Amino acid sequence: MKRKGKLFRAFGATSVAAVTAITMAATTTSGAASNGTIAKGAPVTIGISLSLSGDFSADGLAYQQGYKLWAADVNRAGGLLGHPVKLDIVSDASSPTQVVTNYQKLISTDHVNLTFGPFSTLLTLPAAQTVNRYGYAMIEGAGGGPSVFQAGLKNVFDVTLPVAYDLQPFAKWLTSLPASTRPKTISYVTSNDPFTQPVVQQAQKLIGKSLKTVYNNVFPAEATDFTSIADAVAAAKAQVVVLGSVDVPTVSAFMQAFEQAHYTPKAFIATAGPDQGAAFIKAVGAKNADGMMVPNSWYGQSKNPQSMKMVAEYVKQYGGTAAGVNADIAEAYAVGQVMAQAVTATKGFDNAKIIKYLHSGKTLNSVQGSVKFNSLGMNTAQTAYTFQWQGAKFVEVNPVGDPGAVKILFPKPAWGN
Amino acid sequence: MNSSALIHAVIDGVLTGSVYALMATGLTLIFGVMDIINVAQGIFVILGAYLSYALSVHWGIDPFVGLAITIPTLFFVGIAVEKAFFGRLKGPEKTAMSILVTYAISLVIEGTLNMVFTVNYVQIQAWYVNKSFRLFGVWFPYIYVFGFIMAAIMLSGLYILLYRTRFGASIRASLADQTAAALVGIDVRRVSTICFGIGIALTAPGGMIFGATNTFNASTSYDLISRLLTIIVLGGMGSLGGALLAGILMVTLEDLVGVIWSPVWSTLSFFLVLVIVLSVRPQGLFGKQSARVA
C-alpha cells in the first residue's frame with residue numbers, strides 16, 4: 001500500500017512536471033511564432049535545415065550559398081526592418097526524418113523567428129508539416145512536387161515554378177515539329193522520387209501518341225548502379241529520352257552507359273542535373289554535355305536586373321562564370337527576397353500575418369522573376385523554360401519565340417564531339 | 001523483353017559484381033580475422049577513388065598505374081587506423097564498439113574529403129572510361145572489362161597469399177579460431193594489423209573502378225556501405241569465397257530483375273534474396289555457424 005502511495009506520488013509529480021514543461025514549451029513556441037516582435041537591434045533569426053551531407057549535399061551546399069548571399073545583401077542594406085539577419089543552418093544529411101527533428105529543434109529550442117525550406121520535395125513535405133504545427137510560414141524553393149501542394153498545408157510557399165509544368169515547353173516544341181523532322185520514338189525513365197515522377201508523367205500526357213513510346217520504366221530513388229537500366233534504355237534505341245533525375249550522378253551514369261553502347265538519342269532531356277552549372281560540366285566533361293537539355297525557370301545569363309546583380313556578386317565571391325552558376329543559388333536567394341517583401345509589407349515577423357499576406361494574391365518579385373501564390377502555395381506567375389548546353393554555354397532554347405531563346409541544337413551531337 | 005538487354009544485364013552483373021566483390025572482400029577479411037564490422041569501408045572506397053582522381057587530374061597519372069601508389073598508401077592508412085583505434089578494443093563488446101568507432105572514422109574522413117574536394121561530384125576520366133568494343137554483337141565497356149580483369153588478378157593474388165604462403169596460413173588460422181591460433185604461436189595481433197591494412201588497401205582498386213564508372217562525392221559512401229554489408233552477410237561474414245560469389249550473384253540478380261520485371265524491384269530483390277537465404281542459412285552462404293553465434 002505504501003509502495004502504491006509512493007508510486008502515485010511519483011506519477012503525480014512526473015505528470016505535473018510534464019504538463020508544466022509542455023505548457024511552457026507551447027507558450028514559448030507559440031510566442032515565437034505569433035508574437036512577431038524583436039527587441040531593437042536584436043537579430044532576426046531564420047532557421048533552415050539543409051542537406052549538407054548525403055544524397056542532396058551538392059544541392060544543399062548550393063542552397064546554403066544562395067541563402068548566405070541573400071542574407072549578406074540584406075544586412076549590407078540595413079537588415080530586415082532594421083534587424084540584422086542571422087541564419088541558423090543545421091544539416092539534415094538528406095534524411096526526411098532528420099529534417100523533422102531539425103525544424104522542431106530550430107523552433108522549440110533555438111526559437112528562430114522565421115523558417116526557410118530545405119532542399120527537395122522529399123524533405124520539404126515533412127518539413128512544412130512540422131513547422132505548420134508551430135504556426136510558422138515555410139517559404140521554399142525546391143519543394144515543387146505535387147505531394148507538397150496536395151498535403152493541404154496553408155503555410156507552404158514555393159517561389160519556383162511547380163515542377164509539373166517543367167516539361168511543357170519541351171513537349172510543345174517536340175510535338176510541334178513537322179512530321180518529316182519529328183522523332184518517331186521516345187523512352188521515359190524516371191526515379192520514383194516525388195519530384196521527378198510527376199514531371200515525367202506530365203510530359204507523357206502532353207506528348208501522348210505523337211511519338212511512339214518504346215521504353216517506359218521507373219527505377220528506385222535509392223538505386224546506385226544505373227548501368228543495367230541505362231543499357232535497357234539504350235537497347236530500346238528511342239530517338240528521344242526523357243530522364244527523371246534528381247542529381248548529377250544519375251544523369252552522368254546514363255550518359256556514360258549510352259556512350260559505351262554507342263547510342264546517341266536525337267534529344268535527351270533530364271529533369272535535374274544539367275542545371276547545376278559548372279558542377280555538371282566538371283562531372284561529365286564539356287564535350288559530352290553538348291546538346292543536353294534540362295527544364296528550369298532561371299539561368300545564369302538571365303537579363304532580369306536582380307538576377308544579374310546576384311550573379312555578379314556570386315561570381316565575385318565564389319569565382320566562375322555566369323553560365324556556371326547553379327540554379328539552386330537563385331532559388332534560395334528568391335526565397336529570401338520573398339520573405340523580405342512579406343516582412344516589409346506586414347511590418348513585422350508575425351508568421352500568421354506573413355502567411356495571410358502571401359495568400360493575398362499580391363505579385364512579388366525575385367531573381368527568378370515574378371512570384372504570385374495561389375491558395376496551395378504554388379507560384380503561378382512564372383514561366384517554364386528549357387535550357388540546353390551548347391558548346392560549354394548554358395542557353396535558353398524554349399519556349400520557341402521567347403526573346404531570350406536561341407535555336408535548339410537538334411539532333412544532339414554524338415557523345416564526345 | 002529485349003534479348004540484347006538481357007545479355008547486357010548478365011554481362012553488367014558479372015563485370016560490376018566482381019568489383020563489388022573486391023571491395024567486400026576487404027570488409028569480410030577484416031571481420032573474419034578481427035571481429036570488426038568496418039562501416040567505414042564505404043568511405044575508404046571513396047578515399048581510394050579520390051586518390052586516383054587526384055593523381056589523374058594533378059599529375060596526369062593513369063588510374064590503373066596510379067594503383068601502384070594508392071594501394072600501398074591505403075595499406076599504410078589501414079595499419080595506422082588499426083594501431084590507433086583497434087588495439088585497445090577488447091572483450092565481448094568489441095564487435096559492437098567497432099561499429100561506433102568505424103562510424104566515427106568514416107565521419108572524420110567524409111568531413112575531410114568535403115573540405116579538400118568540396119561536395120561537387122567528380123568522376124575519374126581516362127581514354128577507356130567511356131569507350132567500348134564490340135564482341136559477338138554486344139558492346140563491352142573497356143572500364144568494366146578492365147575492372148573485371150583487375151578484380152580477378154587482385155582476388156587471385158589474395159588467394160595465393162592466403163593459401164600458398166606461411167603468412168596466409170596464419171591468417172586462415174586466425175580466421176578459424178583466434179585463441180587456438182595464438183596457442184600455436186601465431187602473433188594474432190600482428191596478423192590482425194596487417195589484415196586490416198590489406199582490407200583497406202583493397203578499397204584502392206575498388207574505389208578507382210567505382211570512381212571511373214560513377215560520379216561521386218564523399219557522401220556517396222553511404223550508398224556503398226549498405227550494399228557491401230549485404231554482400232558479406234549473404235556470402236557469410238568472414239568468408240572470402242562467399243563475398244566473391246555473393247557480389248556477383250547479387251548484382252547480376254539485381255540487373256536481371258530490372259530488365260525482366262522492372263527496375264523498381266531490382267534493389268528490393270537484392271535484399272529479398274538476403275532475407276530468404278538468411279532464413280534458411282543464418283550464417284550466410286559460406287559463413288561459419290560461430291560467426292552468427294558470436
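A crossing of helices is left-handed if the near helix is turned anticlockwise from the far one by less than a right angle, and right-handed if clockwise. This is a predicted model, in which local features need pLDDT of at least 70 and side-chain atom pairs count only at pLDDT 80 or more, while totals for chains, interfaces and linings use all residues. Residues are numbered from 1 along each chain as its sequence is written, and chains are lettered from A in the order in which they are written.

**View 1. Packing of α8(A) on α1(B).** Helix α8 (residues 227-236) of chain A packs against helix α1 (residues 3-34) of chain B at an angle of about 155°, with axes 9 Å apart. Helices are DSSP runs of H or I with at least four residues, numbered from the N terminus; axes are lines fitted to C-alpha atoms over the stretch in contact, and angles run from 0 to 180 degrees between N-to-C directions. The pair is therefore roughly antiparallel (over 145 degrees). The crossing of α8(A) and α1(B) is right-handed.

**View 2. Domains of chain A.** Chain A is divided into domain 1 (44-163 + 304-371) and domain 2 (165-297 + 385-398), with bounds from an automatic or database domain assignment. Their centres, taken over C-alpha atoms, are 28 Å apart. The contact (C-beta atoms, placed from the backbone, within 7 Å) takes 20 residues from domain 1 and 18 residues from domain 2.

**View 3. Confidence in chain A.** The average pLDDT (the predictor's confidence in each residue, from 0 to 100) is 88 for chain A. Residues 1-5 of chain A stay under 50 and have zero contacts beyond four places in sequence.

Terms used
Helices (H or I, at least four residues) and strands (E, at least two) are DSSP runs, numbered from the N terminus. Angles under 35 degrees count as roughly parallel, over 145 as roughly antiparallel, 65 to 115 as roughly perpendicular and the rest as oblique. Two residues are in contact if their C-beta atoms, placed from the backbone, lie within 7 Å.
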